[in-house]
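Please examine the sequence and the structure shown below. The briefing that follows takes up single residues, then individual elements, and finally the chain as a whole.

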Amino acid sequence: MARIESVCVYCGSASGSDPLFAEEARRFGQILAAEGVRLVYGGGGIGLMGEVASATALAGGAVTGIIPRFLMSRERAFAHEAEMIVVEDMHARKRLMFERADAFVALPGGVGTLEELVEQLTWAQLGRHRKPILIANMSGFWDPFLSLIEHMRSTAFIRETTPVEILAADRVEDILPRLREAAAAVPERMLHAADGELADRM
């Protein structure tokens, strides 16, 4: 059975209007630390990014932050104990986040979070990877997006031959169990492989 050793978290560089978002981000960071699962994230120290990373690090967990050089001042690179990797552009950031992660979780966020989530869904739909992808749907934040996915299915733009496989959890306590259940069906070598390796193994 494939074992999840690291999770990439996509989330906002803002905290959002609902205090629950930050509370749950911190709770998820604590869970990652307690379970010995490395956090891979965008390297920022503000918003939900800062909340989940700080909580992970302060609870003794492992953190890998990957941030483009031009965002270091804008998003304030993380100040706690972490592996911090500075890259030259957004493309390098996203590629390295993919390579370092065994699964993906989207907390609430804005356009950038949505873009990162959709890219992973697209890569999976095209057969580039089989790493689990989950939406943390706290306070129903992602309900409109999930409705849009269903609308795409009902109008035959997402077909059975090219499905979009996406998990959802309303509570952060359910995230790792659902990721692990999905990972159980993925061979170990595929869960930990980089994109270029996966195409040859599927």
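Glutamate 165 belongs to the loop that links α5 (143-154) and β7 (167-169); helices (H or I, at least four residues) and strands (E, at least two) are DSSP runs, numbered from the N terminus. This is a predicted model, in which local features need pLDDT of at least 70 and side-chain atom pairs count only at pLDDT 80 or more, while totals for chains, interfaces and linings use all residues. Residues are numbered from 1 along each chain as its sequence is written, and side-chain values use heavy atoms, with hydrogens and water left out.

**Two residues in their surroundings**

- Glutamate 165 counts as exposed because its relative accessibility is 60%; buried means under 20% relative accessible area, exposed over 50%, and partly exposed in between (1.4 Å probe, protein chains only).
- Leaving aside neighbours within four places in sequence, glutamate 165 is in contact with Leu121 and Ile133, where contact means heavy atoms within 4.5 Å.
- A distance of 9.4 Å separates the C-alpha atoms of glutamate 165 and arginine 130, which are 35 residues apart along the chain.
- Threonine 64 is part of strand β3, and it counts as buried because its relative accessibility is 0%.
- Not counting residues up to four places away in sequence, threonine 64 touches Arg38, Leu39, Val40, Tyr41, Glu83, Ile85 and Arg100.

- Strand β1 (residues 6-10) runs parallel to β5 and is joined to it by four bridges; two strands pair if DSSP finds at least two bridges between them.
- Valine 7 has alanine 103 of β5 as its bridge partner.
- Strand β6 (residues 133-136) also runs parallel to β5, with three bridges between them, and isoleucine 135 of β6 is the bridge partner of alanine 106.
- A right-handed β-α-β unit is made by β5, helix α4 (residues 111-125) and β6; right-handed means that, with the strands pointing away from the viewer, the path from the first strand over the helix to the second runs clockwise.

**Helix α2**

- Helix α2 (residues 47-58) has twelve residues and reaches 16 Å from its first C-alpha to its last, close to the 16 Å expected at 1.5 Å a residue; the expected span is 1.5 Å times one less than the number of residues.
- Ten of the twelve residues of α2 are buried, so this helix is largely enclosed by the rest of the structure.
- Among the buried residues of α2 are Leu48, Met49 and Val52, and the elements covering the buried residues include β1, α1 (19-35), β2 (38-41) and β3 (63-68).

**The chain as a whole**

- The protein chain contains eight helices and seven strands.
- Its radius of gyration is 16 Å, close to the 17 Å that the globule rule gives for 202 residues, so the chain is as compact as a globular protein of that length; the radius is taken over C-alpha atoms, and the rule is 2.2 Å times the number of residues to the power 0.38.
- Of the 202 residues, 47% count as buried.

**Confidence**

- The chain averages a pLDDT of 91, and 92% of the residues score at least 70; pLDDT is the predictor's confidence in each residue, from 0 to 100.
- Over residues 198-202 pLDDT stays under 50.
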